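Welcome! We will go from stop to stop together, selecting as we go.

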Amino acid sequence: MTRVGFIIRELVNNLIRHPGTAFASFLSLTLILLLFDLFWVASGTSREFYRELLSDLEMEVFVAEETPDSLLSSLESRIIGTAGVKTVTFVSRDSARVRLQAMVGGDLLAGYDETNPLPRSFSLTFWPEQLNLADMDRIENELSGFLEVDRIYYSRRWLEKAETTRELIWQFGALLGLLILITGLVTTANNIRLMAGSRAVGFRQMQLLGAGSLFIALPLLIESFLLGGGAAAAGWALLKYGSGQVAFTQFTLIFPPNEQILWFCLALACLAVLSGYLGLRNQLKWR
Amino acid sequence: MSEQPVIELYNVYLNSRRGSPVFKDLSFELKPGETAFISGGAGSGKSSLVDLLIGRCFAETGSVSVFGTTLKKRLFRRSRRNLSRIGGVGGIFSLIPSMTVSENITFPLVLAGVGKSVRNERLFKMLTEFSLLKQASEYPPGLTRVENSLVQFARASVADQPLLMIDEPSAGLDKGTFERVVQYLVKASLSGRSMMILSSDELELPIPNMKRYRLEGGALV
């Protein structure tokens, strides 16, 4: 208990004797991590935004002219049995005409009352996880294999662009996140290095009196842990508070689940210990 | 059966970082309860001797043993285990600036895992013995040189460390304080502690069981 008591007292003393350093470290790390959290939320929100946009994506499967109506229900069953297809709606020639009329604002087929030239089709929707180029291509290939299918249409180019944009945002975000994280860790290491540097004489004397490296380092490592974990938690608290003060009409901010935030704070605390050690290790060398 | 020496140096050769010889065939032995007074001018190797004994540097050839542990570079952690049994004053030993006088004095007890009540008891004894009661809650930068020395002596004695290493015992002390230090050294010697006193000056010390050496040309004469 004596040694534990000493470590706790040293930890408290560090904070009391260097309140400016401790507070500045906490504040700078909180701001850096707030930036990281902001990006995390922005990334989650944009992902959700894209998911919503893509959920409207439909595929039109046009039936070949020579296919008799009696085969349509069998074709519908095979289409709905295709992996990834959520709903299938049959669009008859008459429904297609109504749709076309609604789209262009006038009946382009006036005079074709007896022979409606519009094709019959099936309108497909998909499960959210299938709304990507690879799966859509797979579904398109599968459906093209049916003899009754004439051609297939969906907004492939739009999906391609949406995916490229999402990928770009993710890549840029990953780079930015990594940069922010490195900045945070270097800041912690540097703060601990400065703090340890100011106590180099004391560390040397402790070593000369027989104190081990871990015993000397532990108060500062605990401080790093608290600094990292505390700053990460403060960053999220600030962000949650801030998001409660403003309201967005076009989208809803998507926060990661609390469990993930907790793990993030813990991971940050552990990384801060590592960077604290890096900042400290030179002072602990026995020379 | 003879007692195991506290310090044993046998045919030690040591070069400085620049490669010039510091010790040439140095042999020395300090038995329990003995005091060695080693004098030598500046650059004679007094500090190197301390470094050698606490494991800050290692002999090129020959052997160095402290409390029966042979100090070797590849087993440098071993040498650090001995440090808690050495009470150091002066030279490379100084006070921990971020700790109060009381905390400095009791630090060896904290390392030894001694409980709070015993620690306070020994602290009070040391503060009284070295007249440091008023300075108990001061920090080292606020102490005079004399007070600083006295705190170091108190710290070197608080855990009854079996070996005392004193570098320049008279440095910075007035005559009255030095006499008190000498009395303390006599008392420490009589209590059976081994001491190694390093000094630039030839001091007359009435310490029983004291052997005098002089560091000259890399050897003890």
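Predicted model: local features only at pLDDT ≥ 70, side-chain atom pairs only at ≥ 80, totals over all residues.

**Stop 1: the outline of chain A**

A box drawn along the principal axes around its C-alpha atoms would be roughly 105 × 40 × 30 Å.

Now colour two selections within chain A. Domain 1 takes in residues 2-52 together with 162-284, while domain 2 covers 58-154. How far apart are the C-alpha centres of these two domains of chain A? They lie 54 Å apart.

If you colour by burial, 25% of the 287 residues in chain A come out as buried. Among its contacts with a separation of 6 or more, 88% are between residues 24 or more positions apart.

**Stop 2: over to chain B**

Hide chain A for a moment and select chain B. Here you will find six helices and ten strands. The radius of gyration of chain B is 17 Å, close to the 17 Å that the globule rule gives for 221 residues, so chain B is as compact as a globular protein of that length. Its C-alpha trace spans about 50 × 40 × 35 Å along the principal axes.

Of the 221 residues in chain B, 41% count as buried. For contacts in this chain between residues at least 6 apart in sequence, 69% join residues at least 24 apart.

**Stop 3: a sheet in chain B**

In which order do four strands of chain B form an open sheet? Follow β2-β1-β4-β5, where the pairing is antiparallel.

Zoom in on β4, residues 61-66 of chain B. Two bridges join this strand to β5(B), and the two run antiparallel. Select B:S65 and look across: B:T70 in β5(B) stands opposite.

**Stop 4: the nonpolar cores**

Bring chain A back and show the side chains of A:L33, B:I7, B:L53, B:A154 and B:M196. Of the 89 residues in the largest nonpolar core, these five touch the most other members. Helix α8 of chain A, residues 213-245, gives the most to this core, with eight residues. As background, nonpolar side chains tend to be buried together in soluble globular proteins.

Centre the view on B:L53. Leaving aside neighbours within four places in sequence, B:L53 is in contact with B:I7, B:V64 and B:V66. There is also a second, separate core of 17 residues, including A:L75, A:V85, A:V91 and A:I139.

**Stop 5: where the chains meet**

Finally, select the contact between the chains. Chain A puts in 15 residues and chain B 21 residues. On the side of chain A that touches chain B, α1 (2-17) and α7 (200-208) of chain A each supply at least two residues. The largest share of that side, five residues, comes from α7(A). Colour that side of chain A by class and you will see seven nonpolar, four polar and four charged residues.

Conventions
Residues numbered from 1 in each chain as written. Chains lettered and ligands numbered in written order. Rg over C-alpha atoms; globule rule 2.2 N^0.38 Å. Buried ≥ 20, exposed ≤ 12 C-beta atoms within 10 Å, placed from the backbone. Contact = placed C-beta atoms within 7 Å. Pairing = 2+ DSSP bridges. Nonpolar A, V, L, I, M, F, W, Y, C, P; charged D, E, K, R; others polar. Core = buried A, V, L, I, M, F, W, Y, C linked by C-beta atoms within 7 Å. Domains from an automatic or database assignment.
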